Amino acid sequence: MEQLKNESETELQNQSEAEMRDEKYMKEALKQAKKAYALEETPIGCVIVHEGKIIARGYNRRNTDKSPLAHAEISAIKKASKKLGDWRLEECTLYVTLEPCQMCAGAIIQSRIPRVVVGCMNPKAGCAGSVLNLLDVQAFNHQAEVKTKVLEEECSLMMKQFFRELRAKQKMKKKSLLSE
């Protein structure tokens, strides 16, 4: 009975250490999202961790780069592959503030990332469980474990604030055009 109690306590300690680690790296992804926000881009940030160290960072730059491919995850995956000298990122964890879209979920599968940690879900376009889960299609040769809702409130608030400000700017622009 005592051994069972000790095993249970160890399991709880390991679980809380993993949660603290996930929150630590999600905070780093949030820093990347703030860089996108500063560029008036949808604030999505991403970091990739290998052996306890951040090896790549990325943030949304679609409008800035005029490219539909300039997503936070794609940028970070490119940098991580270059850093490790391999397209296979088999021992990495990807942290992203918003649930990946279909393109990014495909890139995660293609790069063999085994674990993905998501801040907030994307009910309109998310492909890690919301609309569908491309990270767990058994017919594919690779799947990724998904942990969701890590620092969900912070990630969600940043997105909501960004879109609230964007709508206000658009409304003011429309008003000024109508008054001319």
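How many residues does helix α5 have, and how far does it reach from its first C-alpha to its last? Select residues 152–179: helix α5 has 28 residues and reaches 41 Å, close to the 40 Å expected at 1.5 Å a residue. (The expected span is 1.5 Å times one less than the number of residues; helices are DSSP runs of H or I with at least four residues, strands are runs of E with at least two, and both are numbered from the N terminus.)

Before you go on, some ground rules. This is a predicted model, where local features need pLDDT of at least 70 and side-chain atom pairs count only at pLDDT 80 or more, while totals for chains, interfaces and linings use all residues. Residues are numbered from 1 along each chain as its sequence is written, and side-chain values use heavy atoms, with hydrogens and water left out.

Stay on α5 and show side chains for Cys155, Ser156, Met158, Met159 and Phe162, the buried residues of this helix. (Buried means under 20% relative accessible area, with a 1.4 Å probe and protein chains only.)

Next, the sheet. Colour its five strands in the order β2-β1-β3-β4-β5: you have an open sheet with mixed pairing. (Strands pair if DSSP finds at least two bridges between them.) At the edges sit β2 (53–59) and β5 (145–147), each pairing on one side only. From one strand to the next, the twist averages 20°. Now bring α5 back: the helix packs on the sheet, touching β3 (92–98) and β4 (115–120), and its direction makes about 60° with that of β4. (Contact is heavy atoms within 4.5 Å; axes are lines fitted to C-alpha atoms, for helices over the stretch in contact, and angles run from 0 to 180 degrees between N-to-C directions.)

Zoom in on β1 (residues 45–50), which runs antiparallel to β2 and is joined to it by six bridges. Pick Ile48 and you'll find Ala56 of β2 opposite.

Last stop: select His71, Cys101 and Cys104, which an unreviewed UniProt entry lists under "binding site". (Such annotations may be inferred rather than shown by experiment.) They are spread over 34 residues of sequence but cluster in space, with a largest C-alpha distance of 9.3 Å.

Click Cys101, in the loop between β3 and α4 (102–110). Its relative accessible area is 15%, so Cys101 counts as buried. Leaving out residues up to four places away in sequence, Cys101 touches His71, Ala125 and Cys127.

Then try Cys104, in helix α4. Cys104 is buried too, at 0% relative accessibility. With that sequence cut-off of four places, Cys104 touches His71, Glu73 and Ile74.

Terms used
Buried < 20%, exposed > 50% of the residue type's maximum accessible area, 1.4 Å probe, protein only.
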